[in-house]
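Work through these exercises with the sequence and the 3D view side by side. Try each task before reading its solution.

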Amino acid sequence: MSDIQAQVRRYIEDNFLMGAGAVAPADDASFLEHQVLDSTGFLELVTYLEETFAIAIGDDEMVPENLDSLNAVAAFVARKRVQA
């Protein structure tokens, strides 16, 4: 697991998986399908990513391909950091 994935997993667990024994879904599992994040949650995730990793995320980048799983988020953030 990459450092990005580990940080995002901790954020998801701390902020969206309330309750005893709640565990983040597998790295490639959809946040939407597993009802981990809703639309507001995705906006909170975007803000977290921008602040934590010093990246800017455009409206056109807020798509499931970039943000709907730990694997997708880690790959997206890594690409954004290389571009910066």
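**Exercise 1. Is F76 buried or exposed?** Then place F76 in the chain and list its contacts.

Solution. Keep in mind that this is a predicted model.
- Step 1: locate the residue. F76 sits in helix 4.
- Step 2: check accessibility. The cut-off for buried is under 20% relative accessible area. F76 has 2% relative accessibility, so F76 is buried.
- Step 3: find the contacts. Neighbours within four places in sequence are set aside; F76 then touches I57, E61, N66 and L67.
- Step 4: take one of these partners, E61. F76 and E61 are 15 residues apart along the chain, and their C-alpha atoms are 9.2 Å apart.

**Exercise 2. How many salt bridges does a search of the whole structure find?** Identify the partners and say which parts of the chain they tie together.

Solution. 
- Step 1: count. The search gives 2 salt bridges.
- Step 2: take R9. Its salt-bridge partner is D27, with the closest N and O atoms 2.3 Å apart. R9 belongs to helix 1 and D27 to the loop between helix 1 and helix 2, so the pair ties together parts 18 residues apart in sequence.
- Step 3: check the burial of this pair. R9 has a relative accessible area of 15%, so R9 is buried. D27 has 22%, so D27 is partly exposed.
- Step 4: take K80. K80 forms a salt bridge with E61, and their closest N and O atoms are 3.0 Å apart. K80 is in helix 4 and E61 is in the loop between helix 2 and helix 3, so this pair ties together parts 19 residues apart in sequence.
- Step 5: check burial again. K80 is buried at a relative accessible area of 13%. E61 is buried at 18%.

**Exercise 3. At what angle do helix 1 and helix 4 pack?** Classify the arrangement and describe the contact.

Solution. 
- Step 1: read the geometry. Helix 1 spans residues 3–16 and helix 4 spans residues 70–83; they pack at about 125°, with axes 9 Å apart.
- Step 2: classify. Helix 1 is therefore oblique to helix 4.
- Step 3: Helix 1 passes helix 4 in a right-handed crossing.
- Step 4: list the residues. Helix 1 supplies I4, Q5, V8 and R9, while helix 4 supplies L70, N71, V73, A74, V77, A78 and R81.
- Step 5: sort them by class. The contact of helix 1 with helix 4 has 7 nonpolar, 2 polar and 2 charged residues.

**Exercise 4. Where does Q35 lie?** Give its phi and accessibility.

Solution. 
- Step 1: locate. Q35 lies in the loop between helix 1 and helix 2.
- Step 2: read phi. Phi of Q35 is near 55°, a positive value in a residue other than glycine.
- Step 3: check accessibility. Q35 has a relative accessible area of 72%, so Q35 is exposed.

Technical notes:
Residues are numbered from 1 along each chain as its sequence is written. This is a predicted model: local features need pLDDT of at least 70, side-chain atom pairs count only at pLDDT 80 or more; totals for chains, interfaces and linings use all residues. Side-chain values use heavy atoms; hydrogens and water are left out. Axes are lines fitted to C-alpha atoms, for helices over the stretch in contact, and angles run from 0 to 180 degrees between N-to-C directions. Helices (H or I, at least four residues) and strands (E, at least two) are DSSP runs, numbered from the N terminus. Angles under 35 degrees count as roughly parallel, over 145 as roughly antiparallel, 65 to 115 as roughly perpendicular and the rest as oblique. A crossing is left-handed if the near helix is turned anticlockwise from the far one by less than a right angle, and right-handed if clockwise. Contact means heavy atoms within 4.5 Å. Ala, Val, Leu, Ile, Met, Phe, Trp, Tyr, Cys and Pro count as nonpolar, Asp, Glu, Lys and Arg as charged, and the others, Gly among them, as polar. A salt bridge is a side-chain nitrogen of Lys or Arg within 4 Å of a carboxyl oxygen of Asp or Glu. Buried means under 20% relative accessible area, exposed over 50%, partly exposed in between (1.4 Å probe, protein chains only).
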